[in-house]
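Colleague: I am new to this structure and would like to learn how to read it feature by feature. Could you give me the general idea each time, and then the case at hand?

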Amino acid sequence: MDLNKYSEKTKEILQNAQMTALARGHQRFTPEHLLHTMIEDEHGPAPRLLESMGISLDAIKTATVKALDKLPKVEGEGAGQIYMAPETARVFEQAEKMTQEEGDSFVTVERLLQAMLAVAQNEAGRILKSAD
């Protein structure tokens, strides 16, 4: 993952999603953290895009919070360290691939949403698909 290939907004989402994982005591950094952060960014592109597609933001928010609540929390020595879950790495890999195929210069938030939908076996993608 080359962060130089990511838009400033996408980098901001990534950083905020990592902070969400840390604040919740999660060691695994998952696509659900990314989706939650994208939806919470009221002025970002994700809420507008999803609403324009007729997707309920409230349904996504509720489902995402439930998914995050199910993730194990770490306390003690292991707390404060996170690692990227394999499904998150696959989402980033897919987003980079889609960006390159489209001839774009940077991975955008919109491209991350597309990648979540395209990558099998990630809860964020299932949440997005079930919310429409």
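Modeller: Let us begin with a helix and its length: helices (H or I, at least four residues) and strands (E, at least two) are DSSP runs, numbered from the N terminus, and the expected span of a helix is 1.5 Å times one less than its number of residues. Helix H1 (residues 8-23) has 16 residues, and from its first C-alpha to its last it reaches 22 Å, close to the 22 Å expected at 1.5 Å a residue. This is a predicted model, in which local features need pLDDT of at least 70 and side-chain atom pairs count only at pLDDT 80 or more, while totals for chains, interfaces and linings use all residues. Residues are numbered from 1 along each chain as its sequence is written, and side-chain values use heavy atoms, with hydrogens and water left out.

Colleague: What average pLDDT does the protein chain have, and which helix has the lowest mean?

Modeller: pLDDT is the predictor's confidence in each residue, from 0 to 100, and where it is low, the predicted coordinates should not be read in detail. The protein chain averages a pLDDT of 90, with 97% of the residues scoring at least 70.

Colleague: Which residues of H1 are buried, and which exposed residues are carried by the face turned away from them?

Modeller: Buried means under 20% relative accessible area, exposed over 50%, and partly exposed in between (1.4 Å probe, protein chains only). An α-helix has 3.6 residues a turn, so residues three or four places apart point the same way. In H1 the buried residues are Thr10, Ile13, Leu14, Ala17, Thr20 and Ala21. Seen down the axis of H1, these buried residues fall within an arc of 120 degrees (taken from the directions from the helix axis to the C-beta atoms), so they line one face of the helix. The face turned away from that buried side carries the exposed residues Glu8, Gln15 and Ala23.

Colleague: What covers the buried residues of H1?

Modeller: Contact here means heavy atoms within 4.5 Å. The cover includes strand E1 (28-29), H2, H5 and helix H6 (109-118). H6 has buried residues of its own, namely Val109, Arg111, Leu112, Leu113, Ala115 and Met116, and these pack against H1, H2, H3, H5 and H7.

Colleague: At what angle do H2 and H7 pack?

Modeller: Axes are lines fitted to C-alpha atoms, for helices over the stretch in contact, and angles run from 0 to 180 degrees between N-to-C directions. Angles under 35 degrees count as roughly parallel, over 145 as roughly antiparallel, 65 to 115 as roughly perpendicular and the rest as oblique. H2 and H7 pack at an angle of about 45 degrees, with their axes 7 Å apart, and that makes H2 oblique to H7. Where they meet, Pro31, Glu32 and Leu35 in H2 contact Glu123, Ala124, Ile127 and Leu128 in H7.

Colleague: Is Gly54 buried or exposed, and where does Gly54 lie?

Modeller: Gly54 lies in the loop between H3 and H4, and with a relative accessible area of 58% Gly54 is exposed. Gly54 follows H3 and has a positive phi, near 80 degrees. Gly54 and Ala131 are 77 residues apart in sequence and 9.1 Å apart in space, C-alpha to C-alpha.
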